[in-house]
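Work through the exercises below with the sequence and the model at hand. Each task is followed by a solution in steps.

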Amino acid sequence: MREALEGIRVLDFTRLLPGPYSTMLLGDFGAEVIKVEEPGRGDYYRWLEPMMGEYGASFQFLNRNKKSIALDLKNPRAREVVARLAQAADVLVEGFRPGVAQRLGIGYQAIKEANPRLIYCSITGFGPAGPYAGRPGHDLNYAALGGAVGLTGPTGQGPVIPSIQVADLGSALFAAVGILVALAAREHTGQGQRVDVAMLDSVVALLAGSAAYYLATGVSPCPGGIRLTGALPWYRLYEAQDGRYLAVGALERKFWEELCLGIGREDLIPCFDWPQEKHPGVIAQLDAHFRTRPLEDWIKTLERRDTCVSPVNRLDEVFSDPQVLHNEVVTQVKSLYGMLSLVNSPVKASGTPPRVKTRGPHLGEHTEEVLMKGGFSAQEVQELRSAGATGP
């Protein structure tokens with residue numbers, strides 16, 4: 001079966017989370033992803049514990065289905081290598097601060113001259129220009145500036161760091177979308193283009209309801225103060241008797257009615273039509289009511305009814321959940337250290353399904369293979385190695 005992105009070659013100059021996640025998505029659908037790494041050190045995630053086989057678990061997860069070449073981008077000979085590899089590539093992804101790729105001789109204009117059909121994707125913290133463009137940052141900084149941190153946490157108790165890397169993963173997804181859109185456009189125009197994705201912009205784009213609320217009213221919502229952050233009695237987390245939590249998402253009236261009937265509080269059904277200023281009183285009654293029984297009892301009672309209720313799972317419960325098992329969320333791949341368990345792609349495509357085929361590559365494992373395939377002779381490969389442009 002032909003894979004959806006079979007024949008698409010990606011040069012990946014990124015490390016850590018945003019870029020590698022984005023190119024991982026492309027690799028799962030058949031793109032040939034060539035990970036370009038610093039000799040001797042490579043992607044920092046290689047060494048981040050816990051280890052899975054020889055390398056860190058995060059590295060194995062993010063870099064399956066990829067090849068690795070070791071290339072010292074500060075070596076002048078490396079520019080020749082990148083230019084020649086770019087001639088046969090379809091996509092280049094980089095995650096440097098603005099201006100760094102240009103100084104290394106692998107900026108957009110240089111690559112465009114080598115291959116006008118190539119899609120050049122840059123993932124930056126704040127964007128390619130502007131007052132913050134040159135600043136350093138990590139996910140927390142972008143999530144804080146973009147509003148996600150300030151909207152997370154209980155009302156009146158201060159902000160809370162989100163449990164997922166909102167900026168990193170959001171930008172990874174938008175970058176993948178941008179690359180696929182550019183590849184589709186190239187089918188019509190025959191030309192590549194530049195795709196810029198800022199992590200800050202990605203956070204703001206993911207705010208959706210909160211951003212829409214502010215833009216419509218001019219009022220900045222506080223944590224827990226708008227519809228889908230705990231202000232509604234029927235869309236909220238409730239603590240059970242045993243300290244575990246129940247997630248209630250009964251947004252539609254029919255689900256609210258089923259919930260009230262299921263917990264023996266039919267008297268609360270009319271509250272669905274009450275004004276918002278009365279909601280705190282309803283929430284207080286439900287807080288007290290749900291604390292009368294342990295979580296498992298509530299789940300057994302409510303799972304028989306047509307309402308939106310679920311337990312707040314720990315990760316051990318997530319990976320043993322019957323629906324998660326049925327959906328084959330975890331897959332395995334062979335390595336020298338036995339089978340490695342990795343999170344599978346969530347996309348289920350009937351004609352061109354994603355596949356996890358290989359483990360994360362050893363540092364520089366495919367350097368010679370990629371260079372030879374890129375038109376370098378054995379002698380040139382040896383000269384590059386001798387000049388320190390490539391390495392193990």
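**Exercise 1. Find how many cavities of 30 Å³ or more the structure holds, and describe the lining of the largest.**

Step 1. The structure holds one cavity of 30 Å³ or more. On a 1 Å grid over the protein atoms alone, a cavity is a set of points where a 1.4 Å probe fits but cannot get out; a pocket is an open set with protein on both sides within 12 Å along at least five of seven lines, and lining residues have an atom within 4 Å of a point.

Step 2. The space in the largest cavity is about 40 Å³, a volume being the space filled by probe spheres set on the points, which are joined across faces, edges and corners.

Step 3. Its lining includes Glu 54, Tyr 55, Arg 359 and His 362. Three of the lining residues are nonpolar, four polar and two charged. Here Ala, Val, Leu, Ile, Met, Phe, Trp, Tyr, Cys and Pro count as nonpolar, Asp, Glu, Lys and Arg as charged, and the others, Gly among them, as polar.

The model is predicted: local features need pLDDT of at least 70, side-chain atom pairs count only at pLDDT 80 or more, and totals for chains, interfaces and linings use all residues. Residues are numbered from 1 along each chain as its sequence is written, and side-chain values use heavy atoms, with hydrogens and water left out.

**Exercise 2. Determine which element gives the largest share of the lining of the second largest pocket.**

Step 1. This pocket has a volume of about 1400 Å³. It is lined by 44 residues, and Leu 151, Gly 153, Leu 228, Thr 229 and Gly 230 lie nearest its centre.

Step 2. Elements giving two or more residues include helix H7 (166-189), strand S9 (235-239) and helix H11 (279-290). Helices (H or I, at least four residues) and strands (E, at least two) are DSSP runs, numbered from the N terminus.

Step 3. S9 gives the largest share, five residues.
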